[in-house]
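Reader: Could you walk me through how to read sheets and helix packing in a model like this one?
Author: Gladly; let us look at it together.

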Amino acid sequence: MRIKLAILSFFITSLSFSQTIKSPEEFLGYKIGTQFSRHADVVAYFKHVAENSEWVTYTEYGKTNERRPLTYAIVTTPQNQNNIENIRLNQLKNAGVESGSASPDKAIVWLSYNVHGNEASSTEASMVTLYELITNKKEWLENTVVIIDPCINPDGRDRYANWYNKVKATPYDTNPDAEEHNEPWPGGRANHYLFDLNRDWAWATQVETRQRLKVYNSWMPHIHVDFHEQGINEPYYFAPAAEPFHSIITPFQRDFQTLIGKNHAKYFDQNGWLFFTRERFDLLYPSYGDTYPTYTGSMGMTYEQAGGGSAGLGIKKSDGSILTLVDRVAHHFTTGISTVEMASANIEKLNTEFAKYFSAANVKYKNFTLSGEKDHLQALINLLDVHGIQYTFSESGKSTGYNYTTGKQETLTYDEAINISTNQPKGKLVHVLFEPEAALSTPLTYDITAWSLPYAYGLNAVANTKPATGGTFKSKMPMLNTLSKTAPGYLSKWNSMTDAKFLSALLQAAIKVRFSEREFVIDDITYSAGTLIITRSDNNALENFDDVLIQIANKFNRTLTPASTSFASSGPDFGSPYVKLINKPRIAVFTGEQTSSLSYGATWQFFEQQLEYPITSIAVSEADRVNWSDYDVLVMPNGRYKLSENTLSQLKSWVRTGGNLIAVDGALKLFADTEDFNLKTVQLESPKGKDSITSKLIPYADREMDSSKSLISGSIFKTDVDSTHPLAFGYENTYYSLKIGDDAYSLLDEGYNVAYLNDNPQSTSGFAGNEALNKLKNSLIFGVEPIGRGTITYMVDDPLFRAFWENGKLFFANALFINNPNNYRK
């Protein structure tokens with residue numbers, strides 16, 4: 001059967017189709033590919049089909065931040081629909097997630113469309129695919145269940161579609177210079193908080209991801225396809241994927257990708273469509289829409305169509321040909337249908353190999369033992385619960401294995417720990433997320449090469465080659481503080497993001513809070529620098545002070561210790577100059593075209609969803625009109641800043657009079673190598689003599705690989721920390737930083753080098769080329785430069801990157817609240 005003939009049928013009305021089920025064209029009133037459909041119209045079409053067909057059920061599984069519905073359709077025969085719960089449970093039994101014997105005889109295919117909002121052709125293709133399956137491809141559905149998520153990112157899609165529909169010419173203009181081919185900042189790619197949802201599967205920081213994972217993990221399909229778009233001049237990409245493949249991926253998963261790719265190629269050849277395979281899009285980073293499904297037993301694949309936000313309804317390519325939305329829809333439709341065809345033809349093999357994947361994992365490490373700050377452990381447990389990963393607790397024990405801190409075989413002694421075994425259905429996913437370092441067949445990858453969760457969560461850990469024994473399951477008990485109206489104050493620790501969230505709530509409740517710059521002892525208890533001190537004298541004017549404080553502390557599960565006296569037996573008393581009052585900061589954040597939308601989005605989401613603290617977002621283009629004295633803190637996310645002389649002058653003056661400026665990643669370039677600031681980029685001498693000649697004679701075919709010598713592709717570095725500085729309160733003398741690129745800045749001559757790399761920087765996990773390592777010697781990670789009465793905090797590495805580097809977030813909170821020059825005003 002030739003798909004080429006079927007493609008043409010979508011764009012005409014066929015009298016042989018059901019009279020009650022309308023084609024997408026009949027329902028919407030336009031030929032698919034001639035307009036961008038609004039998300040609400042896509043939802044309406046899927047509802048129409050489900051209401052008029054026994055072959056389709058359609059369900060809302062959640063809502064986006066902008067309240068658009070997240071939905072999926074189950075497409076299969078009426079008989080299978082009537083037995084759908086047994087089919088689903090059979091699949092989970094085959095994976096070992098549910099107990100009982102399995103007798104699977106169906107394939108489950110999940111098709112995910114439009115994870116990037118401005119890669120909008122795939123949602124159009126989803127409607128055509130749905131209609132084709134229940135009209136011309138019914139025989140495949142006898143043994144196959146197809147799950148269609150027509151739009152993973154409705155907020156981003158509508159941002160793009162609404163903009164395009166507003167600005168496009170009639171008829172559309174194919175000239176790439178036209179407005180309709182040049183999206184304004186931030187574009188439609190990301191979700192409401194400007195996160196890339198295709199990088200969030202494993203970290204589950206976004207509401208769309210968390211809701212989707214509940215449904216996805218209740219099915220665990222054999223095949224998952226993630227539909228994308230790439231540059232307008234690229235042909236179509238489909239499986240098999242490029243190297244590096246993660247070592248956990250099975251030979252069958254590799255081979256079946258090739259089998260599916262060859263089937264796609266057959267149809268593309270018939271239609272004269274170009275394509276490529278085995279290039280660019282690898283299977284390593286675990287948080288993609290192809291890798292996460294792969295690590296949970298599926299055949300995870302990415303399909304990439306030329307187009308994206310610049311393509312519109314039609315655009316002239318560099319070769320002079322015109323790429324239309326009609327073309328893009330047809331290509332995505334073809335690979336989607338071809339995938340279902342191959343699933344239906346390989347039922348037995350898919351089910352047999354699926355079960356094998358979930359048998360005892362043949363992996364190096366059998367168990368991971370983690371201990372440390374309880375809040376960090378709880379944050380990790382919350383993530384494990386999202387993924388349905390099993391764990392147990394151990395108390396007062398030891399565990400021997402690869403020590404993540406020293407890189408040696410050592411024994412970890414702990415008072416409390418969690419054990420995560422790879423001997424569980426999702427054991428291979430566990431190994432991928434927790435292994436110290438992923439093996440690389442090539443350093444040329446599409447994304448970061450390190451993400452090991454013990455480093456990301458700041459935990460002590462060992463990886464064991466033998467299974468753990470014992471352990472119990474334990475639920476988190478809520479904290480129930482009691483008030484003490486005779487106490488001169490209450491004390492609370494400061495070493496986690498939950499502590500920062502607690503502080504945020506206190507400040508917004510008008511409770512005055514102090515912190516100590518020095519360690520102190522009261523009632524024979526030693527309190528670390530950074531400890532929060534809530535005194536009665538500061539809050540006498542607050543009605544029901546104790547009740548409000550206790551209520552907030554209990555809400556965030558914080559332990560409050562009433563102090564019997566404000567007189568310290570060692571260290572500063574409550575009234576000491578070393579005990580600073582935290583003034584509630586008024587915070588501004590730069591946004592707009594000069595900022596990275598992803599970095600701004602991560603910052604925005606950090607404040608609203610994690611810290612729950614109000615900010616004012618200010619477009620860089622509007623900075624000249626701002627009265628900066630209205631703000632205490634300015635955050636400059638990563639970006640490419642070109643501030644006007646007037647704005648830069650205003651900011652310098654504002655900092656000198658007490659402003660707290662926090663510059664992240666690319667924002668540092670605005671201040672580096674100028675007369676007014678102490679920040680300097682690392683300058684390395686160019687190679688001389690033989691090395692220089694050799695570099696000029698590298699063969700063309702080897703140039704890309706040779707460039708990896710200066711590459712850092714998302715690697716983890718162990719940094720030294722000055723834990724006595726307020727920016728580092730809550731940390732010990734080391735910190736593991738996720739370094740995304742090779743930007744390097746010299747240690748500050750005047751100021752404070754709070755976190756830095758020494759003269760022998762080594763990547764703890766992930767790839768870093770030799771030339772890049774040489775550049776990083778004695779370089780800054782986090783630093784503070786005092787300027788007048790204010791400060792600039794330099795964050796070379798972005799601790800908010802993709803919101804998953806949990807252990808870096810307290811540095812950011814310290815920069816906002818603790819290392820704030822406003823706290824030092826009398």
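Author: Two strands pair if DSSP finds at least two bridges between them; strands (E, at least two residues) and helices (H or I, at least four) are DSSP runs numbered from the N terminus. This is a predicted model, where local features need pLDDT of at least 70, side-chain atom pairs count only at pLDDT 80 or more, and totals for chains, interfaces and linings use all residues. Residues are numbered from 1 along each chain as its sequence is written, and side-chain values use heavy atoms, leaving out hydrogens and water.

Reader: In what order do the four strands close into a barrel?
Author: The order is β13-β15-β14-β16, with antiparallel pairing. From one strand to the next, the twist averages 55°, with axes fitted to C-alpha atoms (for helices, over the stretch in contact) and angles running from 0 to 180 degrees between N-to-C directions.

Reader: How many bridges join β13 to β15?
Author: Five, between residues 367-371 and residues 409-421. L370 of β13 faces I418 in β15.

Reader: Which strands does helix α13 touch?
Author: Contact means heavy atoms within 4.5 Å. Helix α13 (residues 374-387) touches β13, β14 and β15, and its direction makes about 50° with that of β15.

Reader: And how do I read two packed helices?
Author: Two packed helices are described by the angle and the distance between their axes. Here the axes of α3 (residues 39-52) and α6 (residues 121-133) come within 11 Å and cross at roughly 10°. Among the residues in contact are F46 of α3 and L130 of α6.
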